[in-house]
Amino acid sequence: MTPFGTIELTVYPYECDAFGHLNQAALLTLLERARWDALARGPGMDLFDRNGVWPAVRKATIEYRAPAFARDVLRVETTVVGRGTTSMTLRHVVRRASDDATVAEAEMVFVCIDRVGRATPIPDEIARFLGPRASGGHQPIRVPAGDVELAVDVRGEGLPVLFVHGFPFDRTVWRHQLATLSRVRRIAPNFRGVGNSGAPPGADGYSLTRYADDLVAVLDAVGVRQAVLCGLSMGGYVIFELLRRHPERVKALILADTKPDPDSAEAKRGREELTQVARRDGQDAVIERLLPRLLAAATQATQPEVAGQVREMAHRWSVPGLVGALRTLRDRPDSTDTLRGVRVPTLVLVGSEDQIAPPDTGRAMAQLIPGAQCHVVPAAGHIAPLEQPLATSRAVADFLRAIP
Ligand code: MLT
């Protein structure tokens with residue numbers, strides 16, 4: 001449920017350009033009006049003022065999908081997709097009321113500032129209006145899987161899509177897609193060894209087979225026979241194993257920032273070294289080693305909060321989980337032949353600046369699979385869903401819409 005509700009607004013002629021289209025400045029104004037109207041209908045337009053703070057826009061991303069003209073009635077849906085101590089992220093979807101066509105999607109990050117312009121914690125009354133923070137908002141269910149229980153986020157109704165995270169991330173790497181792909185059933189587990197999933201103490205509690213069978217246990221537990229499998233990097237490697245073991249459970253594939261090749265001798269040495277770091281210095285030291293290669297330069301420069309989110313995800317891994325995953329990554333087989341045998345609709349997604357599974361690797365992987373599409377996400381590194389959420393979600397939504 002969104003605290004903002006849905007607001008309908010009419011496009012006025014003076015908001016349109018010489019060709020009659022709603023112009024960019026007017027769209028931003030319209031979104032702002034929708035937010036204030038929602039406050040007026042709810043806690044009052046003076047919600048921020050009476051708490052001595054102001055929501056300052058820090059970032060706005062807009063994707064235009066269809067033109068709007070004077071006299072069109074637009075329906076603005078606003079959802080809270082993220083909330084930190086001082087910041088909040090709102091997502092707007094603007095639809096034309098007459099035919100429900102999506103006109104634009106926007107994501108806006110606000111920081112709460114005090115009267116002298118300093119970032120300040122969101123006051124309680126405003127926090128209550130916005131609803132629970134994302135991390136506590138969706139209580140994962142617990143699902144038995146072999147010798148452990150897994151924490152699984154399950155949201156919405158419709159075509160089931162299983163979101164599988166990478167290393168060393170967790171299900172929140174898909175936070176934007178889980179919040180916004182509202183027309184499908186989103187199922188996102190944490191791997192064993194991660195966050196509130198169970199963590200076998202020894203490295204032999206972890207293998208590609210176990211990770212793949214865990215995913216099938218999740219599907220069984222939520223009553224899903226066939227799902228679209230959407231994997232990021234290591235999530236892709238686990239899906240390749242699932243394709244070998246349980247191909248009948250796969251309706252379609254989304255392979256993001258991943259690759260079929262096994263580790264080179266040098267990469268295997270890197271896994272050994274990282275295992276030592278994990279054992280000696282813990283998870284935070286592991287992520288500091290990995291971070292420089294994970295994010296696009298643009299992400300590092302303009303979205304420092306993304307690096308923070310990556311650190312938080314890595315922090316939630318147990319050391320046995322890290323060690324077990326590193327051994328699994330090191331020993332994984334070549335999946336080229338597995339992919340040649342795929343006969344389901346497939347979308348390959350790759351960040352334009354991914355250094356770990358670069359665009360050429362993604363294109364070559366798509367060529368292995370009959371009919372697969374490859375979509376390069378601009379200005380993203382190895383974590384496209386988190387670095388460029390709008391572009392990634394849009395590519396995923398377009399692909400899902402076309403699945404029979
Ligand atoms: C991942 O994101 O899952 C890792 O980069 C996979 C890998 O290291 O091969």
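Ser233 touches Ala256, Asp257, Thr258 and His382, leaving out residues up to four places away in sequence. Contact here means heavy atoms within 4.5 Å. The model is predicted, so local features need pLDDT of at least 70 and side-chain atom pairs count only at pLDDT 80 or more, while totals for chains, interfaces and linings use all residues. Residues are numbered from 1 along each chain as its sequence is written, and side-chain values use heavy atoms, with hydrogens and water left out.

Ser233 sits in the loop between strand S10 (227–232) and H7. Helices (H or I, at least four residues) and strands (E, at least two) are DSSP runs, numbered from the N terminus. Ser233 has a relative accessible area of 7%, so it is buried. Buried means under 20% relative accessible area, exposed means over 50%, and partly exposed lies in between (1.4 Å probe, protein chains only). The backbone of Ser233 deserves a look. Its phi is near 50°, a positive value in a residue other than glycine. Most residues other than glycine have a negative phi, and most peptide bonds are trans.

Ala379 also has a positive phi, of about 60°, although it is not a glycine. Ala379 belongs to the loop between strand S13 (373–377) and helix H15 (384–387). Its relative accessibility is 28%, so Ala379 counts as partly exposed. The peptide bond from Phe167 to Pro168 is cis, with omega near -10°. Pro168 is in the loop between S8 and H5.

Helix H6 (residues 208–221) and helix H7 (residues 234–245) have axes that come within 8 Å and cross at roughly 80°. H6 is therefore roughly perpendicular to H7. Axes are lines fitted to C-alpha atoms, for helices over the stretch in contact, and angles run from 0 to 180 degrees between N-to-C directions. Angles under 35 degrees count as roughly parallel, over 145 as roughly antiparallel, 65 to 115 as roughly perpendicular and the rest as oblique.

Which residues of H6 and H7 meet? From H6 come Leu208, Thr209, Tyr211, Ala212, Asp213, Leu215 and Val216. From H7 come Met234, Tyr237, Val238, Glu241, Leu242, Arg244 and Arg245. The residues of this contact of H6 with H7 divide into nine nonpolar, one polar and four charged. Ala, Val, Leu, Ile, Met, Phe, Trp, Tyr, Cys and Pro count as nonpolar, Asp, Glu, Lys and Arg as charged, and the others, Gly among them, as polar.

Ala212 lies in helix H6. It is buried, with a relative accessible area of 0%. Beyond its neighbours within four places in sequence, Ala212 is in contact with Val238, Glu241, Leu242 and Arg245. Ala212 and Ala307 are 95 residues apart in sequence, and their C-alpha atoms are 28 Å apart in space.

Tyr206 lies in the loop between strand S9 (184–189) and H6. It is buried, at 2% relative accessible area. Ring pairs link Tyr206 with Phe191 and Tyr211 into a cluster.

The structure holds seven aromatic pairs. Rings of Phe, Tyr and Trp (its six-membered ring) pair if their centres lie within 6.5 Å; planes under 30 degrees apart count as stacked, over 60 as edge-to-face and the rest as tilted. Trp36 and Trp54 form a tilted pair, 5.6 Å centre to centre with 35° between the planes. This pair links distant parts of the chain: Trp36 is in helix H1 (residues 24–41) and Trp54 in strand S2 (residues 54–64), 18 residues apart. Trp54 is partly exposed, at 41% relative accessible area. Phe163 and Trp174 form another tilted pair, 5.2 Å centre to centre with 55° between the planes. Phe163 is in strand S8 (residues 159–164) and Trp174 in the loop between S8 and helix H5 (175–180), eleven residues apart. Phe163 and Trp174 are buried.
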